[in-house]
Amino acid sequence: MEFRDGSASNEHQEVHKSAIEGAHHLSVSSLRISPKSSRSPNSPRSPRSPSSPSVPKSPRSAIIPKSPRSPSVPKSPRSPTVHGKGSPLKNDRHSHSLIDGRPKKGGSGGKGTWGGLLDVDDNYFIDPNDPNYDSSEECEHSDVRKSTEEFEEYKKKATIIVEEYFATDDVASTSNELRELGKPGYSYYFVKKLVSMAMDRHDKEKEMAAALLSALYADVISPPQVYKGFSKLVKSADDLIVDIPDTVDVLALFIARAVVDDILPPAFLTKELVSSPEDSKGVEVLKRADKGYLSAPLHADFIERRWGGSKNKTVEDVKARINNLLIEYVVSDDQKEACRCINDLKVPFFHHEIVKRALIMAMERRQAEGRLLDLLKEAAEEGLINSSQISKGFGRMIDTVEDLSLDIPNAKAILQSLISKAASEGWLCASSLKSLSLEPEKQALDVSEARIFKMNAQSIIQEYFLSADISEVNSCLESENKTCSAELNAIFVKKLITLAMDRKNREKEMASVLLSSLCFPADDVVNGFVMLIESADDTALDNPVVVEDLAMFLARAEVDEVLAPQHLEEIGSQSLGSESIGSKVLKMARSLLKARLSGERILRCWGGGGSSRPGWAVEDVKDKIGKLLEEFESGGDIREACRCIKELGMPFFHHEVVKKALVTTMEKKNERLWGLLEECYGSGLITMNQMSKGFGRVAESLDDLALDVPDANKQFTHYVERAKIAGWLDSSFCLSR
């Protein structure tokens with residue numbers, strides 16, 4: 001409406017003020033109070049009519065006194081103003097109220113509005129007097145909130161502990177703080193935080209982090225929590241690489257170090273590789289750890305010293321500390337302190353030196369023998385020294401016993417006594433050691449006897465190349481070598497490979513298959529290869545590719561598990577000069593074994609299967625074995641299963657049949673596959689050697705198998721005893737892993 005020169009009547013001013021107050025109270029624009037306010041600019045209008053219709057005054061507007069301000073007093077731009085007749089604001093449709101009634105940003109606000117659909121006040125709480133009150137809902141909300149708060153508090157404290165450790169390098173203090181912090185279920189976060197923070201720092205902090213994890217393992221942080229922590233790190237590799245460009249290499253080295261320090265099982269790499277997306281950085285990390293670090297020669301020492309070592313220990317320093325701790329133990333007889341000192345060395349890959357020095361000391365100081373054996377037994381049972389390090393220590397003693405005999409006249413007899421005691425107490429697997437003969441050295445083989453055997457061996461091998469009958473070869477060898485002479489076995493190995501090298505790939509493949517089926521002692525095979533390498537210079541005159549052929553036979557023997565990797569080193573130690581053909585053979589064999597997918601390539605180098613047909617890939621063979629066992633278990637014929645196993649043409653790989661059958665029997669508690677193994681052994685299809693290898697592989701994977709089969713250890717012990725009774729396994733087969 002128009003107010004000319006402040007001459008509006010009191011009645012009109014009251015009506016105008018009432019309209020404004022009503023708009024403020026209802027949060028509605030004054031222009032929408034009545035349809036009349038939305039008229040067109042050309043509609044007739046009485047100068048005395050109000051801008052709003054006659055609306056009953058609200059009680060509030062009825063008691064508000066008149067504004068003391070005169071209409072002529074200037075007002076704010078947003079308040080209703082007096083407009084002249086030609087004012088452009090005369091017909092303005094916008095509200096002139098001081099209150100903006102529009103909703104807030106997001107459409108869920110504004111005075112007098114309902115708010116957002118799911119908005120909850122900050123002071124929201126569950127009212128017990130509410131008819132819809134549910135006590136369990138309040139309990140759940142409380143538990144979740146409490147758990148979240150606890151975890152957030154743990155994360156803050158864990159970060160502080162890590163920062164303090166990097167500043168002080170105090171393992172004991174950090175261990176106590178973490179123990180006081182409690183919450184063992186959150187320990188995986190501490191592992192993740194420690195490693196991720198160390199990854200972004202210098203080598204010193206990386207080494208400190210690795211040393212701390214090794215110290216806390218099993219004592220403060222449980223093995224499953226360590227496993228989970230590294231699993232989280234692998235999954236977050238894509239995020240870590242944003243801030244740490246060399247995440248793949250550094251995290252791979254941390255994982256490799258954890259495996260070397262025995263705080264992560266080697267199976268971690270395989271399991272995480274399966275569960276990780278193929279295009280993730282985590283897969284790159286796992287592959288780098290496996291192929292780049294753990295597969296390298298002497299990887300343990302390299303990984304241990306990659307970041308300089310926390311104490312920059314040398315081999316001589318460690319040997320001196322080992323010697324000192326053993327001397328102190330003999331004097332004090334404090335097993336707990338000795339075990340603590342062994343753990344503080346932080347060299348789990350070098351524990352075989354502890355075993356070796358303890359045995360030497362026991363042989364030199366007979367009165368301390370009992371104490372030293374008790375220490376080794378305690379360390380083995382507590383898992384401080386693993387079974388492979390125990391065996392390696394005893395193996396080194398067997399290798400050096402001849403030299404010890406110069407200072408200790410009856411060294412062989414004493415060492416044999418120590419081996420027997422350790423084996424009887426169950427902490428040494430005697431079957432994994434070389435034979436230690438107490439008899440004096442036998443006289444050299446008679447020349448005429450050797451000549452006759454060579455002639456007969458040549459005939460046996462030539463017939464085998466025609467018939468491919470392995471069982472016939474075994475029976476002929478038993479009649480020709482009734483005393484199982486090691487020298488004659490070595491001569492046969494040399495003759496077999498020499499004749500095969502002069503023939504086609506078919507005969508070479510047949511020679512490798514026969515070698516893996518003869519079950520000769522590894523030492524006899526080693527001696528056979530040593531003889532071959534010694535005569536390689538002469539053989540090269542007739543066979544120009546003798547280096548390639550011998551290297552392939554040597555590599556194939558390792559792939560077929562006829563020889564172990566340490567046997568290759570043993571052969572190398574007996575080779576001649578660095579420029580000899582023998583050295584070239586060993587160098588080429590090592591390069592073949594280091595190549596990518598070396599096992600599959602070497603198995604197929606001559607066609608595979610001992611025939612002219614293409615050879616199977618290892619994964620294909622495993623797949624075929626799995627399918628034939630599955631078919632037999634579901635009701636297949638036992639004769640058909642045996643025929644399929646024989647048709648694989650890989651008798652040196654029958655340990656895979658034993659392993660898969662035994663694992664399936666333990667998982668499904670169905671002994672139908674056990675009956676198949678009985679038939680295979682009874683018919684000579686699977687030899688005792690392959691049975692031992694199969695059971696041994698299951699023993700090595702028991703820890704992983706126990707995750708799916710809780711009573712795996714109990715079942716395996718039961719089946720081992722049954723196999724021994726049935727004659728499948730030698731009575732010396734040991735369950736220790």
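The legends below describe close-up views of a predicted model.

Residues are numbered from 1 along each chain as its sequence is written. Local features require pLDDT of at least 70 and side-chain atom pairs pLDDT 80 or more, whereas totals for chains, interfaces and linings use all residues, and side-chain values rest on heavy atoms, without hydrogens or water.

**Figure 1. The largest nonpolar core and Ile255.** This core has 101 residues; a nonpolar core is a set of buried Ala, Val, Leu, Ile, Met, Phe, Trp, Tyr and Cys residues joined through side-chain atoms within 4.5 Å. Buried denotes under 20% relative accessible area, exposed over 50%, and partly exposed the range in between (1.4 Å probe, protein chains only). Phe190, Phe230, Ile255 and Phe394 have the most contacts inside the core. Helix H9 (residues 247-260) gives the most to this core, with 11 residues; helices (H or I, at least four residues) and strands (E, at least two) are DSSP runs numbered from the N terminus. Leaving aside residues up to four places away in sequence, Ile255 touches several residues, including Phe230, Leu264, Phe268 and Ala289 (contact: heavy atoms within 4.5 Å).

**Figure 2. The aromatic pair of Tyr227 and Phe268.** The structure holds 14 aromatic pairs. Rings of Phe, Tyr and Trp (its six-membered ring) pair if their centres lie within 6.5 Å, with planes under 30 degrees apart counted as stacked, over 60 as edge-to-face and the rest as tilted. Tyr227 and Phe268 are edge-to-face, because their ring centres are 5.0 Å apart and their planes stand at 80 degrees. Tyr227 belongs to helix H7 (residues 223-235) and Phe268 to helix H10 (residues 267-275), so the pair ties together parts 41 residues apart in sequence. Tyr227 is partly exposed at 24% relative accessibility, whereas Phe268 is buried at 0%.

**Figure 3. The aromatic pair of Phe254 and Trp307.** These two rings form a tilted pair, 4.7 Å centre to centre with 50 degrees between the planes. Phe254 lies in helix H9 and Trp307 in the loop between helix H12 (299-304) and helix H13 (315-332), 53 residues apart. Both Phe254 and Trp307 are buried.

**Figure 4. Charges over aromatic rings.** Lys228 lies over the face of Tyr188, 4.2 Å from the ring centre. The charged end of Arg672 is placed over the ring of Phe632, 4.3 Å from its centre. The criterion is NZ of Lys or CZ of Arg within 6 Å of the ring centre and within 35 degrees of the ring normal.
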